[in-house]
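Hi there,

Here is the structure I promised to pass on to you. Have a look at it first, and then read on for what turned up in it.

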Amino acid sequence: MSQRVVIDPITRIEGHLRIEVEVDQNNVIQKAYSSSTLFRGIEVIMKGRTPFDAGLLVQRICGVCTYSHYRAGTEAVENALGIDIPYNAKLIRSLMQSVLFMHDHLVHFYFLHGLDWVDVVSALKADPKKAAAVAMKYSKEPIFAGEGDLIAVQTKVQKLVDSGRLGPFANAYWGNKTYKFTPEQNLIALSHYLNALEVQRVAAQAMAIFGGKNPHPQSLVVGGITSVRDMLSPARLQEFKAKVEHVKQFVDRAYQADILMAADAYKTEPSVLGGCNVRNFMSTDEFYVGHNQWASLGGYIQNSDLSNVQNIDQTLIKEDVTHSWYKGDKPLNPFNGETIPEHTPFIERDTVYGKLPTINEDGKYSWVKSPRYNGEPVEVGPLATVLVNYAKGVPFVKKAVDDLLAATGLPVAALYTTLGRTAARMINCRHAINAAEQAFESLVANVMGDESTYVLPNLDPNKEYKGVAFRLAPRGVLSHWVRIKGGLVENYQAVVPTTWNASPIDGNGKVAPYEASLVGLKLEDPKKPLEVLRVIHSFDPCMACAVHVMDYKGQELGQFRIDPNGL
């Protein structure tokens, strides 16, 4: 007889996500359901507004990957108006995108996903001297892993334990049998966790050099960029370069080492050797590094066939709402997309925790739509990007993957796992750094004789326009679609990475990556489902991108008065 496990909310993600699974008598998951419980309304907000504000408004979709939406919204309008922005502007936008990837991937692995691999309590039992020797196994120049560093980390965490104020280390499933790091390995990773707090700050500062601030940068406009003085300042350019180098040192000497350590420790752990049951993958061109040159290439892989990477056909993308809380009777291409809410209630049933409200999988159960490519579910994200670029023979990615497999002794098939997805994110982070170095050199060379950063857009209110921008956000393929009529936005749709991965069952009964990834997973303890968290976190969910909260009836939600003299 099956039992239902409800995990709500899934923590250490952006936004609100609920996962429900059915396990058999052996605690093996037979069915899984992904539900997000906030309303997606940004498309409704956009209607009737000037397209020149699109980027600034849609970057509020998310508080993490703000720049990806800002850029996609701006470039969708540029695509509609037929604007080709100056070379310098393309390079600046690419540099900002690269540091977003560095920041996002570091934050994800250490602060959102890391505790699925690292048992903090175990680290307190480690021998720091022995751990320092272990660190040398995974990096020729380990960082923050000397004996003194590790003693200091133990002392700091022990004080937290003694005080009873564990902060991010509270309420976890410490001691779960699927944790595989030794105490010494846990201590190394914990040291990197704490030091990554400072490194991610440096990455955010690098974004602010050309973006004005972070999050929610403000230097992009339809037609180019506004951070001209920063681009022309040798001091600001050198500052950017130094901050990227700072992040690179940590990624090469800590992040990469921790992934190698995880592959070594977990390569026989069943709960991380699955988790990739949708074998269609999509990525898009990203990291502009020179005239018509992209460091990361796009394409579509069907059924894991790396020998046949297809070009993406935008007309084959449609969103289904059969099991989503929206009205609609057929899949629609985003240019014609609709966002009409239609919520239905939960139903009460028995779970491993007793009676609880649960989703009704036979009806509608998520605010996330179900995008499909040619009718098929698709995984997007770092794994998809690495696979597409590996299949296309992109030198940096080809070498990074081959080196990883050689160092761990794992076969190419190991990429199609939760472990592989986590490793791919590290490779994607290193690729972003490499691309930033290339784009930076291209920018420095070009500004010596060309200072252009902007072209004036021309919008004829008597014409109708439509445009789309495909960008690669840290979590995967992001596309913004806009229709303009009478000089204003007539329709707007954003198909975001988490929508692809976290979508519910479609009208043809096809299951998307989140739900498919959990089927077949065995739980050590259904009441402490660490294995589910480890798999879902490997996708880096961003539910705020996939769903948004607003009162779509236009009712006032609240008033706030701020005294500017009181700051």
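**A buried glutamate**

Glu379 is part of strand E14, which covers residues 379-380. Helices (H or I, at least four residues) and strands (E, at least two) are DSSP runs, numbered from the N terminus. Before going further: this is a predicted model, in which local features need pLDDT of at least 70 and side-chain atom pairs count only at pLDDT 80 or more, while totals for chains, interfaces and linings use all residues. Residues are numbered from 1 along each chain as its sequence is written, and side-chain values use heavy atoms, with hydrogens and water left out.

Glu379 has a relative accessible area of 2% and is therefore buried (under 20% relative accessible area; exposed is over 50%, partly exposed in between; 1.4 Å probe, protein chains only). Leaving aside residues up to four places away in sequence, Glu379 touches several residues, among them Cys276, Asn280, Arg421, Asn501 and Phe539. Contact here means heavy atoms within 4.5 Å.

**Two crossing helices**

Helix H6 (residues 128-135) and helix H8 (residues 183-211) have axes that come within 9 Å and cross at roughly 75°. H6 is therefore roughly perpendicular to H8 (65 to 115 degrees; under 35 is roughly parallel, over 145 roughly antiparallel, the rest oblique). The axes are lines fitted to C-alpha atoms, for helices over the stretch in contact, and angles run from 0 to 180 degrees between N-to-C directions. On the H6 side, Pro128, Lys130, Ala131, Val134 and Ala135 meet Glu184, Gln185, Leu187 and Ile188 of H8.

**A three-stranded sheet**

You will also find an open sheet of three strands, in the order E15-E16-E17 and with antiparallel pairing. Two strands pair if DSSP finds at least two bridges between them. Strands E15 (465-473) and E17 (488-495) form the edges, each pairing on one side only. E16 (residues 476-485) is joined to E17 by seven bridges; His480, for one, has Ala494 in E17 as its bridge partner.

**Some backbone details in the loops**

Two cis peptide bonds are worth a look. One runs from Asp8 to Pro9, with omega near 5°, and Pro9 sits in the loop between strands E1 (3-7) and E2 (18-23). The other links Asn214 to Pro215, with omega near 0°.

Asp540 is not a glycine, yet its phi is positive, near 60°. Asp540 belongs to the loop between helices H16 (530-537) and H17 (543-546), and is buried, with a relative accessible area of 1%.

Enjoy exploring!
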